[in-house]
Amino acid sequence: MPREGQMTQPTTTPEGLLSRRVLLAAAATLGLSACAGEPISPGQTTPSGSAAPSPADTQPAETSTPSAETPAETDTPSPTPTRASDPSWDADSRYVLVNKRNPLEPANYEPDDLRVLDLRGVYETPQMMRAEAAEACEDLFAAAAAEGLALAVSTAYRGFEHQRSLYETRYAERGQQATDESTARPGYSEHQTGLAVDLASIENPECQLGQCFGETPEGMWVAEHAHEFGFIIRYPDGAEAQEITGYFYEPWHLRYLGVETATEVVQAGVTLEEYWEQPPAPDYEHDYATDPHLHS
Ligand SMILES: [Zn+2]
C-alpha cells in the first residue's frame, strides 16, 4: 500500500555534489542486461543511517571579520556533502535504490498508483508507470515529438510474477549465470518499482533493447534531455560503470528520480550508486535457489 505522497520527498540542498568522479571509460561491454530482469540477491545493505543532507547551516551572520578563520562551532557537525536526495530502502520512495545487492522490500512489492501510459508502445500490452513518473515520461515524449523525434515505450512496469516468469524461463534454458547477466531476478528489477521505462526508436526498430539505440536521433536526444524530465540513463556506458551497477550500457533504460536529483546525477557524471555513496553491486550475493530474500 504505497502512498503517492511518499514519492515526493526531495530533501536537500543543492550546493555541491560529492564525489564528482567522472567515469567514462569507453568500453563497449557485453554483459548484464537489467532490462530483461534486474539484479538480485540478498544481504540487503541497510541505509547506513544515510547521511542526511543537513540543510546548509545558517551561515554565520557574524559581522566580525577576523583575519583568521572563525572557529567552527563545536556543536555544528561538519556539513555533510549536499545533494538533492539520499537513497531510500522504502520501496515507495522515488529514491529507492534497487540493484543486485538491494532487492525491493517486500520482494513482491507493487506500487498502488500505477497508471497506463498514454504513449505509443512497441507492444500491444498497455504499459504502466507510477503516476508521477508516467506524467514525466509523457512530457518527455511530447518534447521529443516537438523535435520531430518518434519514441515508443518498450516496457515500463513489470510486476514480481512477470519478472519471475521471465527469470525462471531463462534460468531453465541457460542456467543461473547466463540468466543473471541478462535478466533481473524478481524483486530485484528496477522495472518493478514503476519508476523505470525502456524506450525505443520507432524509426530504428532494430535497435530496440540494443546499444545502437544510443546512436539513433531519439537515443541521442534522450541522453541529452532525459534529466530535464527527471530521468537518468541508469546503466551508463563503460566497464567501470558496469562494475558498479551490475549491468552493461543500456541507453534505453530510464529511471525516474525527479528533476533535481536526475540533474545532479547527470552533472556529476557518475552512476546512481556513486552519487548516493553506495557500494558497487556487480553481482548477487546468493544463488537464486537459496536467496533468502526470495525464499523465506
Ligand atoms: Zn529496462
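The model is predicted. The protein chain has seven helices and six strands. Of its 296 residues, 43% count as buried.

**Overall fold**
- Along the sequence, the protein chain follows the pattern β-β-α-β-α-α-β-α-β-α-β-α-α.
- Among contacts between residues at least 6 apart in sequence, 78% join residues at least 24 apart.

**Nonpolar core**
- The largest nonpolar core holds 53 residues. Met-129, Cys-137, Phe-231 and Ile-232 touch the most other members.
- Several elements each supply at least two residues of this core: the strands are S2 (128-130), S3, S4, S5 (231-233) and S6 (253-256), and the helices are H1, H6 (259-268) and H7 (272-275).
- H1 gives the largest share of this core, with seven residues.
- Phe-231 touches Ala-136, Leu-140, Ala-226, Leu-254, Arg-255, Tyr-256 and Ala-262, leaving aside residues up to four places away in sequence.
- In soluble globular proteins, nonpolar side chains tend to be buried together.

**Helix H1 (131-146)**
- H1 has 16 residues, which should span 22 Å at 1.5 Å a residue. The end C-alpha atoms of H1 are 23 Å apart, in agreement with that expectation.
- Buried in H1 are Ala-133, Ala-134, Ala-136, Cys-137, Leu-140, Phe-141 and Ala-144.
- Gly-148 follows H1 and has a positive phi, near 80 degrees.

**Strands S3 (151-155) and S4 (196-201)**
- S3 is mostly covered, with four of its five residues buried.
- S3 and S4 run antiparallel and are joined by four bridges.
- Val-153 stands opposite Leu-199 in S4.

**Helix H4 (217-225)**
- The buried residues of H4 are Glu-218, Gly-219 and Val-222.
- Down the axis of H4, these residues fall within an arc of 95 degrees, so they line one face of the helix.
- The cover over the buried residues of H4 includes H1, S3 and S4.

Terms used: Residues numbered from 1 in each chain as written. Predicted model: local features only at pLDDT ≥ 70, side-chain atom pairs only at ≥ 80, totals over all residues. Buried ≥ 20, exposed ≤ 12 C-beta atoms within 10 Å, placed from the backbone. Arc of directions from axis to C-beta. Contact = placed C-beta atoms within 7 Å. Expected span 1.5 Å × (residues − 1). Pairing = 2+ DSSP bridges. Core = buried A, V, L, I, M, F, W, Y, C linked by C-beta atoms within 7 Å.
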